[in-house]
Amino acid sequence: MITVVEPQQHIAKLWSEPALKEGTLYRLMHYVLRVEDGCTVLLHNVVTGHLVALEQQEAEMLGRLPAMYCPAMEPLIQSHFVVPADYDEHAQTIKLQTVLRMLTKAQQKPDITHYTILPTTACNARCYYCFQQGLKRTTMSDEIIHQVADFINAHCGNDRKVRISWFGGEPTIAARQISTICEELQKKNIMYRSSMTTNGYLFDQKMTETAVDLWKLKYVMISVDGTEKNYNSIKRFQNAKDNPYQRVMGNVERLLEHGIRVSMRMNFDLNNYLDFFDLLDDVSERFHGSPLFFFHVHQVNGEHEDSFGKKEHGKNEWFQDKLLEYQELVHEKGLYPLNEELPELNFKGCQASNDHSVTINPQGGISRCPELVSDEDLIGTVREGITNPALISAWSKPSDFDKCVECPLFPNCMKLHLCPASHRCVAKKESLTRFQNAMKKHYRSFSRSIQKGG
Ligand code: SF4
Ligand code: SF4
């Protein structure tokens with residue numbers, strides 16, 4: 001067994017070497033990814049981060065698993081690639097995640113340095129899949145704006161540096177509110193930079209300049225769900241004075257010219273998936289070569305009626321296949337960088353379980369997840385501070401589905417029990433393929449460095 005990437009030391013310390021048991025039946029650990037690169041079998045342990053290339057004898061032994069103990073298994077048993085048939089790696093992984101979470105928490109400062117702010121829940125578009133349908137449309141009052149700035153001032157810590165994600169609704173409808181919050185932060189000597197999830201429709205020259213100078217906007221995520229006809233009928237902008245598709249594309253160009261990174265996202269389902277190819281060609285022609293432009297696809301979630309009155313957006317398996325196919329085409333066009341990182345044990349989860357991050361709704365309510373901002377989701381308010389520790393602790397609980405117990409990605413794919421999307425599993429095929437490609441890349445670069453060295 002040749003080590004290509006060393007296991008992570010902090011995990012090796014917590015997961016001691018197992019005793020070798022003669023007369024025991026052994027099998028491959030569930031959380032091991034396997035791929036062949038030519039004649040070489042590569043294994044990656046998703047818990048420990050260890051990537052190895054097998055000797056021929058080991059590869060043959062692997063093909064015979066489950067099998068009784070034999071000496072050829074020893075290195076693989078000691079590195080937790082092969083485990084006794086009755087071993088519970090699911091429980092062991094959860095134990096490791098819990099310990100690592102507790103250790104990290106004990107070392108953390110209590111500062112809140114990331115704020116997702118919804119200056120409004122109103123929107124100028126009417127996408128049928130919007131998860132905020134039914135939410136009361138409100139915009140932040142001046143009183144709440146001041147309280148938001150005071151809350152940030154009280155919680156940003158001695159470094160006085162924060163990151164703001166503007167979210168909505170459509171945040172640009174509340175441009176005045178965003179500007180006032182930024183001015184308040186400047187008065188309080190708080191440094192900030194921001195990102196925004198937006199439909200991009202209102203980003204004219206003046207707003208773009210304000211975004212650069214005052215909002216310190218570095219990154220925007222803009223959803224464009226098809227080419228002109230599809231896009232305009234999905235977005236259904238209210239009071240649109242021109243062609244929204246062309247306008248948004250022009251605004252994207254302007255944002256890029258002003259040094260703002262743009263990640264364009266096509267939300268797709270059965271309604272619009274065939275339009276992907278034309279949209280990819282169009283954005284490739286317009287923005288290819290810009291180092292600040294990225295394009296990616298995402299499945300439509302939820303049970304909302306589309307423009308044909310259909311509620312069935314696509315089965316899980318269909319989304320998995322499409323996501324894999326589309327992401328590969330996007331990579332081929334060079335519109336999204338290939339992530340070559342190997343999967344590792346994730347114990348942090350998303351921002352909703354991060355104590356350094358909060359979401360603030362237009363009424364000043366504080367929640368953990370930007371998609372859950374109603375009264376029952378609040379952990380406090382900007383006026384009273386954090387008042388619901390029970391809900392905070394509930395947010396740290398991971399989800400646990402039967403389908404995940406033997407999935408090789410389980411240690412990396414940490415989802416939260418309270419997450420409204422935790423039951424979804426659409427990226428599995430795409431992730432598996434990406435990780436297996438990453439294993440090969442690591443191995444090839446390792447082999448090259450050995451050849452050079454030798
Ligand atoms: S959600 Fe899907 S990818 Fe994640 S662990 Fe479960 S089965 Fe695997
Ligand atoms: S929707 Fe789920 S994954 Fe997204 S921030 Fe909320 S809890 Fe996290």
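At what angle do helix α11 and helix α13 pack, and how far apart are their axes? This is a predicted model, in which local features need pLDDT of at least 70, side-chain atom pairs count only at pLDDT 80 or more, and totals for chains, interfaces and linings use all residues. Residues are numbered from 1 along each chain as its sequence is written, and chains are lettered from A and ligands numbered from 1 in the order in which they are written.

Helix α11 (residues 316-332) packs against helix α13 (residues 428-453) at an angle of about 40°, with the axes 7 Å apart. Helices are DSSP runs of H or I with at least four residues, strands are runs of E with at least two, and both are numbered from the N terminus. Axes are lines fitted to C-alpha atoms, for helices over the stretch in contact, and angles run from 0 to 180 degrees between N-to-C directions. The angle makes α11 oblique to α13, since angles under 35 degrees count as roughly parallel, over 145 as roughly antiparallel, 65 to 115 as roughly perpendicular and the rest as oblique. On the α11 side, Gln320, Asp321, Leu323, Leu324 and Gln327 meet Lys428, Lys429, Glu430 and Thr433 of α13; contact requires C-beta atoms, placed from the backbone, within 7 Å.

Lys428 also belongs to the residues around ligand 1, together with Phe401, Lys403, Cys404, Cys407, Leu409, Phe410, Cys413 and Cys425. The residues around ligand 2 include Cys350, Cys369, Glu371 and Cys419. A residue is near a molecule if its C-beta atom, placed from the backbone, lies within 6 Å of it.

The strands β13-β12-β11-β10-β9-β8-β14-β15-β16-β17 form, in that order, an open sheet of ten strands with mixed pairing. Pairing requires at least two bridges found by DSSP. At the edges, β13 (293-299) and β17 (385-386) each pair on one side only. Within the sheet, β8 (residues 114-117) and β14 (residues 357-360) are parallel partners over four bridges, and Thr116 stands opposite Thr359 in β14. Helix α10 (residues 276-287) lies across β12 (261-268) and β13, at about 170° to β12.

Some backbone features fall in loops. The peptide bond from Leu65 to Pro66 is cis, with omega near 0°, and Pro66 is in the loop between α2 (56-64) and β6 (67-68). The bond from Gly168 to Gly169 is likewise cis, with omega near 10°. Lys216, a residue other than glycine, has a positive phi near 55° and lies in the loop between α7 (205-213) and β11 (217-223).

Terms used:
Contact = placed C-beta atoms within 7 Å.
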